Amino acid sequence: MRTGSEPVTARSPLRMRFWLSVWGLIWTGLGTGLFALAGRTGWAIACGVIFLVVVTDLVLVIRHIRQGPHYQPGRDVPPYEPDQGDGWHWVDGAHHDESDRTRHGAHHP
């Protein structure tokens, strides 16, 4: 079902990003080492920089996976409703104000 809010409610395919990062880690690591052994310092530095980017991405992906369903919900969890930017949002069919969080679920009409 398309709602028009797909860019806002899109979910990151973290498992796919994890395996692509592992693949990139292997190739950039090998590239750095082989270019360094071949005496191609510029290419070794370029592969080393990409290696650091891949490591950073891998750390962030693992962190998001460990944070649980907010970042990687299962198939049974519907997409989050987009924030309308007005401080109000719909939850379970009821209209809530941001201050409802402090009042433990008090509803506004």
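The following paragraphs describe the fold, the confidence and selected local features of a predicted model.

The secondary structure of the protein consists of three helices and two strands, and these elements are arranged along the sequence in the pattern α-α-α-β-β. Of the 109 residues, 18% count as buried, while the accessible surface of the protein amounts to about 8,600 Å², 66% of which is supplied by carbon and sulfur atoms. When contacts between residues at least 6 apart in sequence are considered, 49% of them join residues that are at least 24 apart.

The average pLDDT of the protein is 75, and 51% of the residues reach a score of at least 70. Among the elements, helix α2, which covers residues 14-37, has the highest mean pLDDT, at 95, whereas strand β2, formed by residues 94-97, has the lowest, at 51. Over residues 100-109 the pLDDT stays under 50, and for this segment the model has twelve contacts beyond four places in sequence.

A nonpolar patch on the surface is formed by Trp23, Ile26, Trp27, Leu30, Leu34 and Leu37, which together present about 730 Å² of accessible area. Trp23, a member of this patch, is located in helix α2 and is classed as exposed because its relative accessible area, 52%, lies above the cut-off of 50%. Phe35 is likewise found in helix α2, but with a relative accessible area of 30% Phe35 is partly exposed, since this value falls between the limits of 20% and 50%. Beyond its neighbours within four places in sequence, Phe35 is in contact with Arg40, Trp43, Ala44 and Cys47. The C-alpha atoms of Phe35 and Ile45, two residues separated by ten positions in sequence, are 8.7 Å apart in space.

After α3 comes Gly68, which has a positive phi, near 95°.

Definitions and conventions:
Residues are numbered from 1 along each chain as its sequence is written. This is a predicted model: local features need pLDDT of at least 70, side-chain atom pairs count only at pLDDT 80 or more; totals for chains, interfaces and linings use all residues. Side-chain values use heavy atoms; hydrogens and water are left out. pLDDT is the predictor's confidence in each residue, from 0 to 100. Helices (H or I, at least four residues) and strands (E, at least two) are DSSP runs, numbered from the N terminus. Contact means heavy atoms within 4.5 Å. Patches are made of residues with over 30% relative accessible area and no salt bridge: like charges are joined within 9 Å, nonpolar side chains (Val, Leu, Ile, Met, Phe, Trp, Tyr) within 5 Å. Accessible areas come from the Shrake-Rupley method with a 1.4 Å probe; for residues, only the protein chains shown count as cover. A salt bridge is a side-chain nitrogen of Lys or Arg within 4 Å of a carboxyl oxygen of Asp or Glu. Buried means under 20% relative accessible area, exposed over 50%, partly exposed in between (1.4 Å probe, protein chains only).
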